[in-house]
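Me: I have a structure open and I'd like to learn how to read it. Can we go through some features together?

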Amino acid sequence: MAALVLNEEQQMLKDAAKGFLSESAPISQLRQLRDNRDEAGFSRELWQSMVEMGFVGTLMLEEFGGSAFGNVGMGQVFEQAGRNLSVAPLLSTAVIGVCALQLAGSTEQKQALLPAIAEGKLLTALAVDETPRHNPARVTTTAAPQGAGFVLNGHKSFVIDGHVADKLIVSARTAGDKNDRAGISLFLVDRQAAGVSVERTFMVDSRNAAIVRFDNVQVDASALLGEQGQGFEVLDKVLDVANAQLAAELLGIASQAFEVTVKYLQERKQFGVVLGSFQGLQHRCAHLFSELELVKSVVLKALAALDEGAEEASQLVSLAKAKSSEVAELATNEAVQMHGGMGMTDEFDVGLFMKRARAAQLLFGDYRYHADRFASLRGY
């Protein structure tokens with residue numbers, strides 16, 4: 001069993017991410033992107049810098065231009081992104097796109113797309129959900145055989161970075177009923193292909209999402225990602241990696257919200273004394289501190305389990321996502337409340353942490369979804 005500590009290289013990556021993101025992608029950049037209604041929703045200059053820093057290739061094999069640094073390494077980047085509310089298509093492209101291609105891509109697909117991702121020339125997005133709540137097995141989008149290819153019809157919602165992606169990774173049904181796991185296939189679809197329409201939506205956390213519709217979209221057989229009808233197994237593994245990284249981001253959000261709040265309590269005076277001297281507030285902070293320590297352990301354990309290919313990796317990922325969601329909600333609620341009325345104003349950053357935490361909690365399964373999944377995987 002690996003120790004729940006970072007090795008020297010992982011610590012160096014964490015320190016590099018901390019310095020880079022705090023300087024190049026701070027909260028002020030999120031505010032600027034939000035206020036200007038930026039067309040892309042993120043800084044392409046920042047993305048290119050992240051490519052040069054090696055963050056984009058952290059999960060990618062070296063033969064395609066990455067560093068193969070693993071999930072624990074990428075988790076350090078996501079934790080720091082959470083602390084700074086940094087906006088970039090890391091999850092959609094450097095995690096989901098890379099993992100899907102490496103798990104299921106053909107030799108031709110890998111050689112054509114992975115180096116382009118590593119160079120910052122290609123963005124991807126996962127189009128999986130069709131309902132307000134995450135349910136990857138519920139697929140009504142169809143892919144009907146036609147000639148040497150397929151015709152796609154249907155729609156997807158909450159497609160993160162969907163309006164800027166060059167390639168969409170689409171789950172579509174080639175067999176079975178709408179809730180069957182069998183019969184789901186994955187396809188690589190050009191966002192600008194005929195019949196694809198993308199509607200950008202602004203989320204509460206000021207991040208990118210989209211509603212994507214497919215109207216008789218024709219794709220070649222070469223667009224199939226993996227085996228026909230066997231896409232759910234790949235999708236499940238990809239979502240495990242995505243949720244582990246989201247858990248790391250939620251840890252960063254919760255940790256930063258906690259630290260900012262403790263600092264405020266040590267400075268703000270009420271009735272002639274600092275707020276931090278009140279025992280009731282001390283107890284609440286102590287409880288939150290202990291909860292954060294639990295999250296640190298379970299997130300690192302889940303990331304390490306993915307790298308090791310452990311049998312219980314999926315269980316640990318759902319445990320990490322559920323616990324990090326629960327604690328991030330507690331941390332941001334406490335942050336807003338302990339800041340008093342000012343915590344509700346846009347002038348203070350704590351409200352932004354709350355908004356991002358809520359969106360990240362719901363993305364690819366909330367607390368209840370992952371608590372139930374954990375129980376099911378454990379056989380409870």
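Me: Let's start with a single side chain. Is R373 buried or exposed, and why?

Reply: One thing first: this is a predicted model. The cut-off you need is that buried means under 20% relative accessible area. R373 has 14% relative accessibility, so R373 counts as buried.

Me: Which side chain does R373 meet in a salt bridge?

Reply: Here's the general idea: side chains of opposite charge can pair when their charged atoms come close. In this model R373 meets D236 in a salt bridge, at 3.4 Å from N to O. The two sit in distant parts of the chain, R373 in helix 11 and D236 in helix 7 (residues 231–267), 137 residues apart. D236 counts as partly exposed because its relative accessibility is 25%.

Me: How many salt bridges does the structure hold?

Reply: There are 20 salt bridges in the structure. One of them pairs D366 with R133, whose closest N and O atoms are 2.5 Å apart. D366 is in the loop between helix 10 (350–362) and helix 11 (367–378), while R133 is in the loop between strand 1 and strand 2 (142–146), so the pair ties together parts that are 233 residues apart in sequence. Check the accessibility too: D366, at 17%, counts as buried, whereas R133, at 53%, counts as exposed.

Me: Which residue forms a salt bridge with K323?

Reply: That's E291, with 2.7 Å between the closest N and O atoms. This pair links helix 8, where E291 sits, to helix 9, where K323 sits, 32 residues apart. E291 is buried, with a relative accessible area of 12%. Salt bridges can share partners as well: R31, R34, D35, D346 and D349 are joined into one network that way.

Me: Now strands. Which way do the side chains of strand 1 (residues 124–127) point?

Reply: In a regular strand the side chains alternate between the two faces of the sheet. Strand 1 shows T124 and L126 pointing one way and A125 and A127 the other, and all of them are buried.

Me: In what sense do strand 1 and strand 4 pair, parallel or antiparallel?

Reply: Parallel, over four bridges.

Me: Which residues form the negative patch?

Reply: D307, E308, E311 and E312 form that one. E312 is in the loop between helix 8 (279–308) and helix 9 (313–338), and at 33% relative accessibility it counts as partly exposed.

Me: One last thing: how far apart are the C-alpha atoms of L30 and L85?

Reply: They are separated by 7.0 Å, though the residues are 55 apart along the chain. L30 belongs to helix 2 (residues 27–35) and counts as buried, at 8% relative accessibility.

Conventions:
Residues numbered from 1 in each chain as written. Predicted model: local features only at pLDDT ≥ 70, side-chain atom pairs only at ≥ 80, totals over all residues. Heavy atoms only, no water. Patch = residues over 30% accessible without salt bridge, like charges linked within 9 Å, V, L, I, M, F, W, Y side chains within 5 Å. Areas by Shrake-Rupley, 256 points an atom, 1.4 Å probe, with all protein chains shown as cover. Salt bridge = Lys/Arg side-chain N within 4 Å of Asp/Glu carboxyl O. Lys, Arg positive; Asp, Glu negative; His and termini not counted. Charge placed at Lys NZ, Arg CZ, Asp CG, Glu CD. Buried < 20%, exposed > 50% of the residue type's maximum accessible area, 1.4 Å probe, protein only. Pairing = 2+ DSSP bridges.
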